[in-house]
Amino acid sequence: MPMRGNLKQNDEAVIRQNYLFLKEEIEAKHIVDYLYSKDVISLDDKEEIVCQPSRSKRNDVLLFKLMHAGPGIAYCEFLKALDEEYSHVSQKLRKTNSPVARQQQEQSWFEELPDQFKQTLITDAMATRLSECFGSNWESVMLELGHTQVIIDREKQNCSNNVVRAITNLLIKWRQKQPKGATYEKLVECLESMKDGGNVNIDFNELEKIIVAENTRLGYAMETDENILETIPRQESNAQ
């Protein structure tokens, strides 16, 4: 059977995260009949899996075939097969929070904030609070925001290597340099893109708390009018 492409990104991530567990807990030949009946694997695939000399080899071949069974129903049918023979395994897979899922969750909290707030410029006070969320390789973020290494090194020296103070000052300088572009949206987009590349360590839980709290303090709310979402400041609506 020709390769159908990879599984969906999240499904593939779950398999990878539990690969060793799967190899130890299942026996491929116990579920190949079901997978063949659901067109997840071909007859040739089934025979190739069954003829392997050991359980470990059989599981390796099965998981390889599964990973290339396409983004359709293959993963769901695999879970159903496990439900019958290895329910503890299927339960573990369903409970696994893959890196892809975590990333989607991390992004969703910011996407739910009002657009008007996302375009708000970062204040001096917020620069101080946000600076505490930065971990290792924070200099890479400053470079991405447009600072040169010379400016970063100079700020570190001026702050006697006080990292939080240096980051605060650099965020303020970023806003001064880009008076219309230094928004929460731009900063979060920058942090997300760099995190995806594994280039920076950011406490996103703390970042979320700080930004959501600031949105609440400023009083932005979402108002639904005939199924259209409109962003309005609460202070203005209360004044009316």
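These are my notebook entries on a predicted model of one protein chain.

**Entry 1: the whole chain**

I began with the secondary structure and found 16 helices and two strands in the protein chain. The chain has 240 residues, and 41% of them count as buried.

**Entry 2: helix α6**

Next I listed the buried residues of α6: A74, Y75, E77, F78, L79, A81 and L82. An α-helix has 3.6 residues a turn, so residues three or four places apart point the same way. I kept that in mind while reading the list. Which helices do the buried residues of α6 pack against? I wrote down α1 (9–17), α2 (19–25), α3, α5 (55–67) and α7 (87–95).

**Entry 3: the nonpolar cores**

I looked up the largest nonpolar core, which has 36 residues. Inside this core, the residues with the most contacts are L130, F134, M142, L171 and I211. The elements that give two or more residues to this core are α8, α10, α11, α13 (163–177), α14 (184–196) and α15 (204–218). There is also a second, separate core of 27 residues, and I31, L62, L82 and L93 are among its members. In soluble globular proteins, nonpolar side chains tend to be buried together.

Leaving out residues up to four places away in sequence, M142 touches F134, H147, I152, I167, L170 and L171.

**Entry 4: an aromatic pair**

How many aromatic pairs are there? I counted one. The pair is formed by F117 and Y184, and it is stacked, with 4.7 Å from centre to centre and 15° between the planes. F117 lies in helix α9 (residues 115–118) and Y184 in helix α14, so the pair ties together parts that are 67 residues apart in sequence. I checked the accessibility of both residues. F117 counts as buried because its relative accessibility is 0%. Y184, at 1%, counts as buried as well.

Is R16 buried or exposed? R16 is found in helix α1, and I noted a relative accessibility of 54%, so R16 counts as exposed. I also looked up a distance from R16: its C-alpha atom is separated by 9.2 Å from that of M67, although the two residues are 51 residues apart along the chain.

R58 is found in helix α5. The relative accessible area of R58 is 11%, and a residue under 20% is buried, so R58 is buried. What is R58 in contact with, leaving aside neighbours within four places in sequence? I listed E27, A28, K29, I49, V50, Q52 and P53.

**Entry 5: T96 in a loop**

T96 lies in the loop between α7 and α8 (99–111). Leaving aside neighbours within four places in sequence, T96 is in contact with V14, Q17 and N18. With N18 there is also a polar contact: the side chains of T96 and N18 are joined at 3.1 Å.

**Entry 6: positive phi values**

I ended with two backbone angles. Phi of D39 is near 65°, which is a positive value in a residue other than glycine. D39 is found in the loop between α3 (32–37) and α4 (43–50). At 47% relative accessibility, I put D39 down as partly exposed.

Where does N137 lie? N137 is in the loop between α10 (124–131) and α11 (138–144). I found phi of N137 near 65°, again a positive value in a residue other than glycine. N137 has 46% relative accessibility and therefore counts as partly exposed.

Notes. Residues numbered from 1 in each chain as written. Predicted model: local features only at pLDDT ≥ 70, side-chain atom pairs only at ≥ 80, totals over all residues. Heavy atoms only, no water. Helix = DSSP H or I, 4+ residues; strand = E, 2+ residues; numbered from the N terminus. Buried < 20%, exposed > 50% of the residue type's maximum accessible area, 1.4 Å probe, protein only. Contact = heavy atoms within 4.5 Å. Polar contact = N/O pair within 3.5 Å; in protein donor to acceptor, adjacent residues only side chain to side chain. Core = buried A, V, L, I, M, F, W, Y, C linked by side-chain atoms within 4.5 Å. Phe/Tyr/Trp six-rings, centres within 6.5 Å; stacked < 30°, edge-to-face > 60°.
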